[in-house]
Amino acid sequence: MAELEELLQVATNMLDRSYAPYSKFHVGAAAVGASGKVYGGCNVENAAYGATNCAERTAIFSGIAAGEKRFTALLVTGNTDGPIAPCGSCRQVISEFFDQDAVIYLTNQKGSLAETTVAGLLPGAFLELK
């Protein structure tokens with residue numbers, strides 16, 4: 001449970017850094033790299049919506065920029081009624097950098113929590129061909 005509490009704290013802190021002037025939909029995320037280091041991320045919107053980046057991808061991309069190649073867990077949070085879930089683009093990115101059985105925590109700021117896996121988020125994902 002210590003991992004969950006730390007991830008929730010990091011993701012919650014990211015909500016304050018979110019840049020969402022258009023949707024007002026603030027999201028925070030925290031990804032655990034294979035090294036054990038935690039990377040936070042927030043959503044960053046743009047008037048050209050295609051240039052927007054979600055919190056989950058920001059956290060993962062921050063880890064990759066720091067040298068991580070794989071991740072072991074992810075937590076996403078927001079000010080929603082129920083647990084928040086990643087969009088389709090994020091699900092595909094998650095599937096490429098996490099093992100299929102890696103735990104994904106879907107939370108909100110009201111204390112709701114749902115746990116799933118990468119395979120549960122995106123069955124039939126496009127996976128790297130080896």
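This report walks through the fold, the central strand pairing and the aromatic pairs of a predicted model.

## Overall picture

The chain has four helices and five strands. Read from the N terminus, the elements go α-β-β-α-β-α-β-β-α.

As for size, the radius of gyration is 14 Å, which agrees with the value near 14 Å that a compact globule of 130 residues would have. The C-alpha trace spans about 40 × 35 × 30 Å along its principal axes. Of the 130 residues, 44% are buried. Among contacts with a separation of 6 or more, 62% are between residues 24 or more positions apart. The accessible surface comes to about 6900 Å², and carbon and sulfur atoms account for 55% of that.

## Strand 4 and its neighbours

Strand 4 covers residues 98-107, and seven of its 10 residues are buried, so the rest of the structure largely encloses it. On one pairing, strand 4 runs parallel to strand 3 (residues 71-78), with five bridges joining the two. Leu75 has Tyr105 in strand 4 as its bridge partner. To get from strand 3 to strand 4, the chain passes through helix 3 (residues 88-97), and this β-α-β crossover is right-handed.

The other pairing is with strand 5 (residues 113-117): again there are five bridges, but here the strands run antiparallel. Thr107 sits opposite Leu113 in strand 5. Strands 4 and 5 make a hairpin with five residues between them, and Gly111 in the turn has a positive phi of about 100°.

## Aromatic pairs

The structure holds three aromatic pairs. In one of them, Tyr22 and Tyr49 have ring centres 6.2 Å apart and planes at 80°, so this pair is edge-to-face. Tyr22 lies in the loop between helix 1 (2-15) and strand 1 (27-33), while Tyr49 lies in the loop between strand 2 (38-42) and helix 2 (55-65), so the pair ties together parts 27 residues apart in sequence. Tyr22 is partly exposed, with a relative accessible area of 41%, whereas Tyr49 counts as exposed at 55%.

Phe71 and Phe98 make a stacked pair, with 5.5 Å centre to centre and 25° between the planes. This pair also links distant parts of the chain, with Phe71 in strand 3 and Phe98 in strand 4, 27 residues apart. Both Phe71 and Phe98 are buried. Together with Tyr39, Phe71 and Phe98 form one aromatic cluster.

Conventions: Residues are numbered from 1 along each chain as its sequence is written. This is a predicted model: local features need pLDDT of at least 70, side-chain atom pairs count only at pLDDT 80 or more; totals for chains, interfaces and linings use all residues. Side-chain values use heavy atoms; hydrogens and water are left out. Buried means under 20% relative accessible area, exposed over 50%, partly exposed in between (1.4 Å probe, protein chains only). Two strands pair if DSSP finds at least two bridges between them. A crossover is right-handed if, with the strands pointing away from the viewer, the path from the first strand over the helix to the second runs clockwise. The radius of gyration is taken over C-alpha atoms; the globule rule is 2.2 Å times the number of residues to the power 0.38. Contact means heavy atoms within 4.5 Å. Accessible areas come from the Shrake-Rupley method with a 1.4 Å probe; for residues, only the protein chains shown count as cover. Rings of Phe, Tyr and Trp (its six-membered ring) pair if their centres lie within 6.5 Å; planes under 30 degrees apart count as stacked, over 60 as edge-to-face and the rest as tilted.
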